[in-house]
Amino acid sequence: MAHPSIHAIHGARGTRDGEFAPRLVFWELTNACNLKCVHCRACPVEQRSPEDLTLEESKTLVDQIASFAEPVLVLSGGEPLVRPDVFDIAEYGTSKGLRVALATNATLVTPEVARRIKESGVQRVSVSIDGATAESHDSFRQLSGAFDEAWQGIERIKAVDLPFQINTTITKHNIDEISDILALAVERGAVALHVFLLVPTGCGKEIADREMIGPQEYERVLNWFYDRSKDSGIRMKATCAPHYFRIMRQRAREEGIKIAPETHGFEAMTKGCLAGSGVCFVSHKGEVYPCGYLPVLAGNVRHRHFKEIWDNAEVFKILRDEDNLQGKCGYCEFRRICMGCRARAYGYTGNYLDPEPYCVYEPKAPAYRERREKRTQ
């Protein structure tokens, strides 16, 4: 794999206390899962690993996070409900003042499980729905009945008065069903729809060539998403699609309106790629990465305090300075609000500072481009 060109890398720009605080920590409690989704960022297994953080180690991690930040803590997997102590971890995170969310496929949510999720203090449940029909969803999840079981689980979540959101990964497989998935989310009472643009990593790397929608389709989908975010009646968020921030500003400029970024809550959006600057991922073994799709190791909480990793990991420092971006992302006038998907760049070139490979926009900042090229020569 190629690595960022060292002569073009600068330290984090303006690393004042609090400027780069974690807003979202995604924690893979286990890589075990009852499904085998073809697009998963991991490669799930049937049985839990002996390398999973223990309950005591998990509580220590929560303590370390809560010692300096108040992020949303997203308990994910694999399938987090495979862990019998998931409720203990959620309850402990809640007791430490963290907003805890649970990311699940919902097929294991019984009435009793829903009650325990609620009692543990989880504030929102996200459920992955990747098709508008059982045939579409089940083929992607590789389990017959997964669609119906997911919606049954959702009904049980609703019965205990817990907000839920729908997460959908957009691919060629379901590109024509996105409007129907949104309609389903609205009809069934979801508080939000979060769409994810496929990143070639884990199992997703194996299907990228046949399932990644093209750059022009990205533009069309994100423009559609912008329109629907204004009239759908539920909250909407685009993930792993940082150029949506460019599109939002281009459209808002055309319409003569001003966009105020969401800075708090589950739909917080302040810029495109927040990997390493507002977001990070903790694996089931305690490894810390900029995000779940960018496998560049920052450290391991079994060996270093989470805050030390967050503050001092080299990859985090590099990602916190937009001027380190290379190619057209480095001189794009939208770079500070977009960043391009660093994980997608890494997935295609091995260099996480390379240009976003699925962005069609051509920057209109030639003067800045010339200064950049002179500086890096």
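Helix H13, which spans residues 342-349, is mostly covered in this predicted model: six of its eight residues are buried. The buried residues of H13 are Arg342, Ala343, Arg344, Ala345, Tyr346 and Gly347. After H13 comes Gly350, and the phi angle of Gly350 is positive, near 85 degrees.

Arg342 is among the residues in contact with Leu319, and Leu319 belongs to helix H11 (residues 314-319). Leu319 has a relative accessibility of 2%, so it counts as buried, the cut-off being under 20%. Apart from neighbours within four places in sequence, the contacts of Leu319 are Ala275, Pro290, Leu294, Met339, Arg342 and Tyr352. Leu319 can also be placed relative to Cys273: the two residues are 46 residues apart along the chain, and 9.3 Å separates their C-alpha atoms.

The protein chain holds 14 helices and ten strands. Of its 377 residues, 58% count as buried. Among contacts with a separation of 6 or more, 73% are between residues 24 or more positions apart.

The ten strands form an open sheet with mixed pairing, and their order is S7-S6-S5-S4-S3-S2-S1-S8-S9-S10. Strands S7 (235-239) and S10 (299-300) stand at the edges; each has a single partner strand, so one side of each is left without a neighbour in the sheet.

All seven of the seven residues of S5 (residues 164-170) are buried, so the strand is largely enclosed by the rest of the structure. In a regular strand, side chains alternate between the two faces of the sheet. In S5, Phe164, Ile166, Thr168 and Ile170 point one way, while Gln165, Asn167 and Thr169 point the other way, and all are buried.

Which strands pair with S5? Strand S4 (residues 124-128) pairs with S5 in the parallel sense, over four bridges. Within this pairing, Val125 stands opposite Phe164, and Val127 has Ile166 as its bridge partner. Strand S6 (residues 192-197) also runs parallel to S5, and six bridges join the two. To get from S5 to S6, the chain passes through helix H6 (residues 178-188), making a right-handed β-α-β crossover. Another helix, H8 (residues 215-231), lies across S5, S6 and S7, and runs at about 160 degrees to S7.

Leu53 is found in the loop between strand S1 (24-28) and helix H1 (55-66). With a relative accessibility of 2%, Leu53 counts as buried. Leaving aside neighbours within four places in sequence, Leu53 is in contact with Trp27, Ser58, Leu61, Arg83, His284, Lys285, Gly286, Val301 and Arg302. Arg302 is 249 residues from Leu53 along the chain, yet the C-alpha atoms of the two are separated by 8.6 Å.

The aromatic rings complete the description. How many aromatic pairs are found in a search of the whole structure? The search finds eight. In one of them, the ring centres of Phe281 and Tyr289 lie 6.5 Å apart and the planes are at 40 degrees, so this pair is tilted. Both Phe281 and Tyr289 are buried. Elsewhere, Tyr218, Tyr348 and Tyr358 form one aromatic cluster.

The charged end of Lys307 sits over the ring of Phe68, at 5.5 Å from the ring centre. Likewise, the charged end of Arg320 sits over the ring of Trp310, with 4.7 Å to the ring centre.

Note on methods:
Residues are numbered from 1 along each chain as its sequence is written. This is a predicted model: local features need pLDDT of at least 70, side-chain atom pairs count only at pLDDT 80 or more; totals for chains, interfaces and linings use all residues. Side-chain values use heavy atoms; hydrogens and water are left out. Buried means under 20% relative accessible area, exposed over 50%, partly exposed in between (1.4 Å probe, protein chains only). Two strands pair if DSSP finds at least two bridges between them. A crossover is right-handed if, with the strands pointing away from the viewer, the path from the first strand over the helix to the second runs clockwise. Contact means heavy atoms within 4.5 Å. Axes are lines fitted to C-alpha atoms, for helices over the stretch in contact, and angles run from 0 to 180 degrees between N-to-C directions. Rings of Phe, Tyr and Trp (its six-membered ring) pair if their centres lie within 6.5 Å; planes under 30 degrees apart count as stacked, over 60 as edge-to-face and the rest as tilted. A charge sits over a ring if NZ of Lys or CZ of Arg is within 6 Å of the ring centre and within 35 degrees of the ring normal.
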